[in-house]
Amino acid sequence: MAAISITLQDLIEKVTSYAPDADKDLLRKAWFFTNEAHCNQKRKEGTRYFEHPIFVASTLADLHLDVSTIIAGLLHDTVEDTDTSIEDISGIFGEDVAFMVDALTKLDKIEFTSREEAQAESFRKMLLAMAKDIRVIMIKFADRLHNMRTLEHLAPESQKRIATETLEVYAPLANRLGIGWLKLEFEDMGFKFLHPELYEELSKKLFKKREEQEDYIKNFTITVENKLKENGISAEVSGRVKHFYGIFKKMKSQRITFEEVYDIFGLRVIVTEKTQCYAVLGLIHSLWIPVPGRFKDYIALPKSNMYQSLHTTVLGPKGERVEFQIRTLEMHRIAEEGIASHWLYKEKNKIEDKDTKYIKWLRELVSSQNDLKDATEFLELFKGEVLSDVVYVLTPTAQIKELPRGSTTVDFAYAVHTQIGNKCAGARINGRIVPLRYELHNGDTVEIITAQRAGPSKDWLNFVVTQKAKTRIRQWINIEERKQGIDLGIKILEVELRKQGIRPSKGKSAKMEETAKLFNYKSLDDLLIAIGYGRVPAHQVVAKFNLNENTALDIPIISKFLKNIGSHKGIKITGIDNMLHNTAKCCYPIPGDSLVGYVTRGKGVTIHRKECPNILRFTSDERVVDVSWDMDDETTSQAKLFVETVDKPGILASLSALISSLKINLHHLQATTSQNKHAYFILILEVKNISQLTSLKNKMMSVDGVINVSRHGSEQIEE
Ligand code: MN
């Protein structure tokens, strides 16, 4: 590599050309600071280390990033490789710059058991920061670009390791962000260092073929140009060669030789208007026969990285296949620059709305990563997600949903809402009932059939492909298995206690939690699960209770026993002790409501709200009893809300976002739509009391599209 010719003046000019009000003094300061920090270091290629951050900053200026990002680009290696600290950086250059530099600083290797672990943790840290601020990844891209361009100076093992990472992580990431040129360079450079001999061979063959076919491509181009001119369309037509890595991948996946790869050359037509794209397509198809199944309309259905074009393959004069890409100039710019294509300099300009479309998937991935034990697992997931191809399907309301290729109806259900996934019982594709494992195709209209009693099954894990579905199913199964384990543990323990003539009753501590610790379990629940699944014999546990000291059982287990035999804490029934009771499923009383109890045969007392229409009819009845609340602050009760909205995309998402922002748990959701384009939701929520519910109701009413929120709906009478 030749010595870098960029000077401080060059960089300032570059930045001020698009950001006239940029802080030049701060930029100067960062330049000298970095130079000073790295002054004793050299790159492997023998140049001053300083050349590296200069390249990075200059690349970022080419991408028109704001001055903070350029400064962070200059400083990006100072904390990792010199004595500079993050505090130094934030003190001199501010929090914004320090945030980016910190995100790019690898974690100290000493804290980890292996290099892989340290790398994975550093990578996770960077991705979390990137999901917050996309500028972080732009700096990393510029950094990686320079490292790839100077990779020949490193030892072969390092070359292979860095090249692999570039191919597995950075090229797909550049692709997802729509930066076409960067993706191609990452892929070709990665390929070059991973398979040097193959690269050399391909490059020779490609050069030869290009010479051979030059006239052929030229003729093809002229034919197209003339045809377009005849029809009054001015366009730029150019021949294009597939890049090395693309050819290599094709040879590998189809097990063919270089000579058998038919679409090494292609043509690209660039026009000014979108409608011209379709006109050009028609003209090309009138010249040559299109190959069936090869036409793709990425204009009507853009790729997830906003890529737009028409693709078609035709049979040329000698029967050979030639691929065409047809697009407008604007589409071409987006194909090349992606997320960077619309960046215009603005001070403190972080992620705009347009940008969030590019990284929505990343944010979802990051938000689901809390469930993952280690960073290596997260890295693997990320690699899978970043590479995935997509299918586009429709909701019954004709909303387009994008899912990774291979997704099933269950993936779709979870993509709509976790509760839809958890209650998913069946699916219709284009009106026809299909199995849940049905793999979605482009253009399918997907309708999920939910059932209140449905729940995910372990079997689903064998066919779902999205991270969200996998995580939510596992969560559900874990919770369900825990619940069952605890229930089973309590039953077994109860049987054992009775066998020994001990009646579980409320009393002073028998140190249940401590008993759990004696058996090396973190909590009482864990011990109960162990009993439930037979890992710990119940009689051993009972023996440890030390009941001969006349101690009874501790409260946690007592409350579980009581629940188990049908009681319910939190409600006092006047004059009746320990009576079996349950809350009514018609009015869902919650703390703060006035209550009425109704004695039923076989079911004990059913608790209703005083104003419940079902109970009003019985108020004179002798079976009505007085009941009142007796609750602590931490207990929640179920409440039911009926919500009517206009049927528009995103309304459920807004509602559930609101619910979770108030830290209220959504227990159940049922949705229906009506002829009049209204949607009806029945929500069952876990709330603390009436004031929390009222506040939620009021907030819901202010959501755009919500028509009515009520606790009253037409429900079956329940005694
Ligand atoms: Mn670097």
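Predicted model: local features only at pLDDT ≥ 70, side-chain atom pairs only at ≥ 80, totals over all residues.
Student: What holds the strands of a sheet together, in general?

Tutor: Strands of a sheet pair through backbone hydrogen bonds, and the pairing is either parallel or antiparallel.

Student: In what order do the strands E9, E10 and E11 lie in their sheet?

Tutor: The order is E10-E9-E11, in an open sheet of three strands with antiparallel pairing. Strand E10 (432-434) and strand E11 (446-450) are the edge strands, each pairing on one side only. Neighbouring strands in this sheet are turned against each other by 35 degrees on average, direction ignored.

Student: How many bridges join E9 and E11?

Tutor: Five bridges join E11 to strand E9, which covers residues 424-429, and the sense is antiparallel.

Student: Why is H18 described as largely enclosed by the rest of the structure?

Tutor: A residue is called buried when its relative accessible area is under 20%. Six of the eight residues of H18 are buried, so the helix is largely enclosed by the rest of the structure. The buried residues are Thr409, Val410, Asp411, Phe412, Ala413 and Tyr414.

Student: Now the helix pair. At what angle do the axes of H2 and H6 cross?

Tutor: The axes of helix H2 (residues 24-37) and helix H6 (residues 86-93) cross at roughly 155 degrees and come within 11 Å. Angles over 145 degrees count as roughly antiparallel, so H2 is roughly antiparallel to H6. The crossing of H2 past H6 is right-handed.

Student: Which residues make the contact between H2 and H6?

Tutor: From H2 they are Leu26, Lys29, Ala30 and Phe33, and from H6 they are Ile89, Ile92 and Phe93. Sorted by class, the contact has six nonpolar residues, no polar ones and one charged residue.

Student: Last, a single residue. Is Lys274 buried, exposed or partly exposed?

Tutor: Exposed means over 50% relative accessible area, and buried means under 20%. Lys274 has a relative accessible area of 48%, so Lys274 is partly exposed. Lys274 lies in helix H14, residues 274-287.

Student: Which residues does Lys274 touch, leaving out those up to four places away in sequence?

Tutor: Lys274 touches Ile299, Thr328 and Met331.

Notes:
Residues numbered from 1 in each chain as written. Heavy atoms only, no water. Pairing = 2+ DSSP bridges. Helix = DSSP H or I, 4+ residues; strand = E, 2+ residues; numbered from the N terminus. Axes fitted to C-alpha atoms, helices over the stretch in contact; angles between N-to-C directions. Parallel < 35°, antiparallel > 145°, perpendicular 65-115°, else oblique. Left-handed = near helix turned anticlockwise from the far one by under 90°. Contact = heavy atoms within 4.5 Å. Nonpolar A, V, L, I, M, F, W, Y, C, P; charged D, E, K, R; others polar. Buried < 20%, exposed > 50% of the residue type's maximum accessible area, 1.4 Å probe, protein only.
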